[in-house]
There are 2 protein chains.
Amino acid sequence: MEKMGRRERERQARRQEILDVAEKLFAQKGFFKTTLAEIADASEFGMATLYQFFPSKEEIYFTLITEKTEQLFSLIEKAVSRFDSSMDKLKALVTTAFNFFEDHRDFFKIFISERSGFEWMAKEDLGLRINQLYERYLMMLQNIIEEGINRKEIRPLNPAEIAYGLAGMINSFIFQWILKPVKRPLKSRIQNLLTMLFEGIAISHKKNA
Amino acid sequence: MEKMGRRERERQARRQEILDVAEKLFAQKGFFKTTLAEIADASEFGMATLYQFFPSKEEIYFTLITEKTEQLFSLIEKAVSRFDSSMDKLKALVTTAFNFFEDHRDFFKIFISERSGFEWMAKEDLGLRINQLYERYLMMLQNIIEEGINRKEIRPLNPAEIAYGLAGMINSFIFQWILKPVKRPLKSRIQNLLTMLFEGIAISHKKNA
DNA sequence: TCTAAATTAGAATGATTATTCTAATTTAGA
DNA sequence: TCTAAATTAGAATAATCATTCTAATTTAGA
């Protein structure tokens, strides 16, 4: 893996350059309104050069999404595996996601609008592949939760639904943070999210009669 | 308001027909991949006729979104106002939203992908207007929560953050329900969402030491 | 029934843009 | 230094639509 001549190394660097530039543009203007000419311009490559690296605009977009998503997932998996209790695992998961997106705002915009955008969904392949990625993420969540229920750390609610709920909360927190130019770092909200998730928002009046 | 001659009534009906057809198509293929020719075809109007009713494709799209969203919001406002305690209000809100989207799946697809799609965001006007709508929704949530905190029914967490979290949960529940062709009605999940929201998912071990 | 105004259908227009092509330019190795 | 192969730039191509135009067709009211 590490054996790459200068040639190949430079090629990879250029490829990455294209992806980085494209990421910024796609995040800014969305897939449809970003033109290849713009990507070529901004990356200072010619059109034909782009096609040397990627067979189509869609493929640039998709490569972008999958590579970064894989990266995020493997970070999460690693972080989660370090802990034993479900609460710690969930905390690690949220923390990792927040940190990651704090460093990759542009990517989050693409990630979230793709994930919610039904634009592809129908379209074979692309939409399918993206959806599978997200499924994997939900599954990871769901597994942690199921384990937590078995360990009697988590209430025996429907694990899939908890997973949806949590994923939604995470996305929403990040989304709002990106939308409003707030100074407070995203990670300062981790604790609030976890409190809300673990303890709920109600002040319990011992009314479990 | 009710005084409309046949002429005007028919015109309104045709307008609505266009919006309905467009809704289905936009939900299916997204804004960019839906062509006016398709809308004309499906609604059995000519191109020029569409332009008689709406000045542009964008305007059809936006009209669609705002009209239905206003409709949803006013339902929610009405439902919420019937209750006193914050918990009941939140329950009414979730119930209304779930019921509404259960009946308007197509619209939800558009709503959610627009709300998360940064595609417009940059674009003046449209993106702005859509965002304001969503802000209003978040504000409604936030107000209920603030009131609940004052009434000591809800923990004194950051109200805006709770609002984001809850909105995210709601969206995520609906989203998953639409994605997977599940037989179980959406409303059957209301209670689970509320439990999760109110009580949290942790089994408390009286460990508040 | 007749006619001017309103409405409509569908073709023409014009702009945009992904992709391909052509002709340099650069590179690596002799 | 030389040259064949690889790489590149940027123009040409071809397709896709949103929008506008033209010529019917329909309507309302006399």
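## Ground rules

This is a predicted model, so local features need pLDDT of at least 70 and side-chain atom pairs count only at pLDDT 80 or more, while totals for chains, interfaces and linings use all residues. Residues are numbered from 1 along each chain as its sequence is written, chains are lettered from A and ligands numbered from 1 in the order in which they are written, and side-chain values use heavy atoms, with hydrogens and water left out.

## Where A meets B

Let's start with the interface. Chain A puts 58 residues in contact with 58 residues of chain B, contact being heavy atoms within 4.5 Å. About 5,200 Å² is buried between the two chains, and carbon and sulfur atoms give 61% of that; buried area here is the accessible area (1.4 Å probe) that two parts lose on being put together, summed over both. There are 22 residue pairs in polar contact across the interface, both residues at pLDDT 80 or more. A polar contact is a pair of N or O atoms within 3.5 Å; within protein, one must be able to donate a hydrogen and the other to accept it, and residues adjacent in sequence count only if both atoms are side-chain atoms.

On the chain A side, the elements giving two or more residues include helix 1 (6-33), helix 5 (86-103) and helix 9 (159-179) of chain A. Helices are DSSP runs of H or I with at least four residues, numbered from the N terminus. Helix 9 of chain A gives the largest share, 13 residues. By type, this side of chain A splits into 28 nonpolar, 15 polar and 15 charged residues. Ala, Val, Leu, Ile, Met, Phe, Trp, Tyr, Cys and Pro count as nonpolar, Asp, Glu, Lys and Arg as charged, and the others, Gly among them, as polar.

## Salt bridges

Over all chains the count is 21 salt bridges, each a side-chain nitrogen of Lys or Arg within 4 Å of a carboxyl oxygen of Asp or Glu. Four of them run between chain A and chain B. Arg189(A) pairs with Glu161(B) at 3.1 Å between the closest N and O atoms. Arg189(A) sits in the loop between helix 9 and helix 10 of chain A and Glu161(B) in helix 9 of chain B, so the pair joins two chains. Both Arg189(A) and Glu161(B) are buried, where buried means under 20% relative accessible area, exposed over 50%, and partly exposed in between (1.4 Å probe, protein chains only). Arg189(B) and Glu161(A) also meet in a salt bridge, at 3.1 Å, N to O.

Within chain B, Asp84(B) bridges to Arg151(B) at 3.7 Å. The two are 67 residues apart and link distant parts of the chain. Asp84(B) is exposed at 55%, whereas Arg151(B) is partly exposed at 33%.

## Residues worth a look

Which phi does Lys152(A) have, positive or negative? It is positive, about 60°, although Lys152(A) is not a glycine. Most residues other than glycine have a negative phi. Lys152(A) lies in the loop between helix 8 and helix 9 of chain A and is exposed at 60% relative accessibility.

Gly200(B) comes in the segment after helix 10 (190-199) of chain B and is buried at 0% relative accessible area. Its contacts, leaving out residues up to four places away in sequence, include Arg155(A), Phe198(A), Gly200(A) and Thr195(B).
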